[in-house]
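Please look through the structure below before turning to the numbered points.

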Amino acid sequence: MATMAQPLGAMRNWHGPAFVLTILTGSFLLFLVQPMIARMALPRLGGAPAVWNSAMLVYQALLLGGYAYAHAISRLAPRRQVFIHLALFGLASFWLPIGLIAGDPPADAAPLIWVPWLLVLSIGPLFFVVAAQAPLMQRWYSLSSGGRDPYALYAASNLGSFGGLIAYPLLVEPRMPILAQSALWTGGYVVLALLVATCAFLLPRQGIAEAPVAQAPAISLPRLLQLHWILLAAVPSGLMLSTTTYLTTDIVAMPLLWVIPLGLYLLSFSAAFAVNRTMADAVTKAAPVSILLLGGFALIGDQDQPIFRAGLSVLLLLVVSIALHTKMYRLRPEAEHLTNFYLFMSIGGVIGGLFAALIAPMAFDWTYEHPLMIMAAALLVPHAMAFAPLRRLWGTGQRARIMTLTVALFVLLLFVQAVSLALPRALCGALILALGVLSLGRAIPLTIALTGLLLTFGGWESIAASLTDNARTRSYFGIYTIVTDKNAQARKLVHGTTVHGIQILKPGRETEPTSYYVRKSGVGRVMAALDAHARVGIVGLGAGTLACYRKPGQSWRFYEIDPAVAHIARDSGQFSLLARCAPGVPIDIGDARLTLRDAQPASLDFLALDAFSSDSVPMHLLTREAFDIYGRTLAPKGMLLVHISNRYLELEPVVAAAAAAGGWHGAIMLYDIGKDKSAAPYASSSLWVALSRDAGTVAGLNDMRGDPSGSWRPLQQRPGFTAWTDDFSSILPLLRGWAQ
């Protein structure tokens with residue numbers, strides 16, 4: 001294994017800074033382009049998670065291709081490497097300025113086919129050549145510096161990646177339209193090409209045309225070592241994605257939350273590959289007990305203190321990532337095998353991403369990939385005896401006995417939990433935790449104890465829900481759980497932490513509107529007043545509650561992006577709202593903006609926009625261009641109703657700005673159940689905006705002046721806030737509590 005001959009911080013020439021700057025720039029551009037292209041593609045491809053899963057596969061494949069290319073040309077003579085790489089830079093420049101190729105997909109286009117085709121043709125060569133910078137520049141640095149250890153440069157690479165990741169949502173998107181973003185990235189690409197040329201100039205001139213520098217190395221790499229690299233890379237990659245899914249599904253669906261797990265994952269590389277080993281070694285030493293304490297209680301279903309629980313989850317991710325990446329760093333090969341090392345690391349990252357993003361949603365009905373990744377981490381992190389008594393306990397002659405005792409007690413505790421005996425859960429957890437502490441230093445017993453804690457605190461409940469027919473459904477759009485009250489008075493459709501529909505089960509009240517859609521809400525008042533022959537469109541199906549406002553003679557159509565939701569509302573037998581109130585009403589599956597784009601002009605009299613999933617915001621549904629589509633689809637005196645209830649974002653400025661820019665007249669109503677003494681059962685507070693191109697339509701809203709629970713008022717524009725467009729939007733100014 002390599003030793004730190006001359007670490008990055010001890011360089012005494014100017015070669016080091018040049019290579020560091022090149023790697024920083026390349027990694028920054030690589031992670032800046034991913035959200036940028038996603039933002040450009042959003043209006044064209046829609047907001048389906050299947051789209052972004054497909055995009056993720058494209059990025060991972062191109063990254064792996066870049067690493068494989070760097071590994072392949074590293075076997076050539078330096079002069080040939082320089083010629084090929086600079087030529088590839090020049091060839092890829094024909095794809096500048098960065099952007100999407102022309103052409104719109106059909107509304108029912110398959111993301112697994114259309115998205116890769118669009119992205120590869122739009123940015124494939126650019127992404128490919130930039131992705132090769134991290135391993136290739138490290139190899140060149142080793143050649144130009146006389147054999148100094150290049151691995152510390154990977155810390156700089158991930159600092160650049162982290163910078164690009166946070167720069168886009170915090171700096172670039174809020175301040176630049178798409179065309180300016182494209183120009184910024186194009187300029188960065190030109191700078192990167194110049195920096196690569198500078199690094200090429202620093203390669204040794206003597207012998208530059210000699211035989212390949214890495215041809216037929218004397219010592220080949222063991223296959224088990226390569227497999228070990230793959231596993232050590234796969235688990236943090238999968239845990240990063242599973243943590244994001246688990247946080248946004250079961251804890252808190254906060255906007256931009258996905259940035260935190262990915263950012264910490266990138267920073268873990270910087271810590272693990274840093275010159276100063278203090279932090280990496282300390283975290284790695286503490287990793288087993290940290291995984292036991294943080295991971296063992298990761299599945300507790302208590303909804304109290306969600307921010308605190310989210311913090312513990314991301315802390316666990318950081319500890320696991322640093323520990324496993326540090327172990328990978330300790331297993332790094334000599335410099336001539338550097339590109340091979342990064343190639344297998346990339347393969348592991350792809351495998352972890354594939355499992356968490358594509359395989360798990362098809363194989364599991366809940367985020368089971370999250371505890372599986374935690375248990376895999378417990379097996380893989382370095383284990384060392386922290387205390388002398390434990391070393392004596394796990395002595396050579398006693399290992400089998402202690403292992404048997406550990407497994408026996410664990411099985412006993414699981415049996416107690418499974419048959420619901422009177423042993424308190426806290427006592428079970430304390431006994432298993434004690435076994436875990438005694439197991440410190442041994443991977444398998446510790447993992448057994450960790451599994452016991454996971455099952456005791458949340459795991460059994462999740463398994464029970466999975467074994468209950470029709471209780472839970474998972475798709476690429478989320479995890480839907482059907483919950484029936486203990487007294488069987490109501491049934492709820494829950495997506496993550498948000499209720500998307502409630503049906504009262506009491507005979508005679510099954511069709512009563514509930515939650516955000518009660519009769520005193522904004523949508524309830526408007527729909528009660530609709531004409532008997534109105535043509536109605538509803539974006540977002542949920543449990544089908546709004547269908548119970550349908551009147552005989554009206555023509556209705558639902559627009560739903562997730563086929564799983566349509567199955568739950570119409571075919572599962574759990575909810576009867578559609579069957580009772582609107583049997584046979586068509587449901588168009590697909591992104592609503594793309595579907596409405598192809599609809600006949602003036603084909604609707606009323607359109608309700610209720611497409612928000614938990615507290616996430618489909619930005620492409622709130623741009624000026626989207627409102628133009630709604631206006632074209634509605635009749636001249638038609639009405640658009642937008643549901644903007646949100647725990648984290650103030651969306652009134654977005655709708656008000658779009659209304660002003662598009663010539664809409666509007667009003668807004670907050671229905672507050674806290675001020676309604678006669679609130680209907682299972683009612684929820686809600687915020688609805690009514691818009692129409694006809695002033696008289698808005699003026700004729702069914703208002704209830706003097707009702708303390710809420711009434712219609714004019715939309716209020718925020719000074720200086722401009723309407724979202726397909727070219728420019730940002731949610732930062734809308735975060736509640738954000739400094740204006």
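1. Ala 602 is partly exposed, at a relative accessible area of 29%; here buried means under 20% relative accessible area, exposed over 50%, and partly exposed in between, with a 1.4 Å probe and protein chains only. Phi of Ala 602 is near 55 degrees, a positive value in a residue other than glycine. Ala 602 sits in the loop between helix H21 (592-597) and strand S8 (604-609); helices (H or I, at least four residues) and strands (E, at least two) are DSSP runs, numbered from the N terminus.

2. The model is predicted: local features need pLDDT of at least 70, side-chain atom pairs count only at pLDDT 80 or more, and totals for chains, interfaces and linings use all residues. Residues are numbered from 1 along each chain as its sequence is written, and side-chain values use heavy atoms, with hydrogens and water left out.

3. Tyr 682, although not a glycine, has a positive phi of about 60 degrees. Tyr 682 belongs to the loop between strand S10 (665-671) and strand S11 (686-692), and its relative accessibility of 29% makes it partly exposed.

4. Between Leu 96 and Pro 97 the peptide bond is cis, with omega near -10 degrees. Pro 97 is found in the loop between helix H3 (78-92) and helix H4 (111-131). Most residues other than glycine have a negative phi, and most peptide bonds are trans.

5. Where is the kink in H17 centred? The kink, of about 65 degrees, is centred on Gly 458; the bend at a residue is the angle between axes fitted to the seven residues ending there and the seven starting there.
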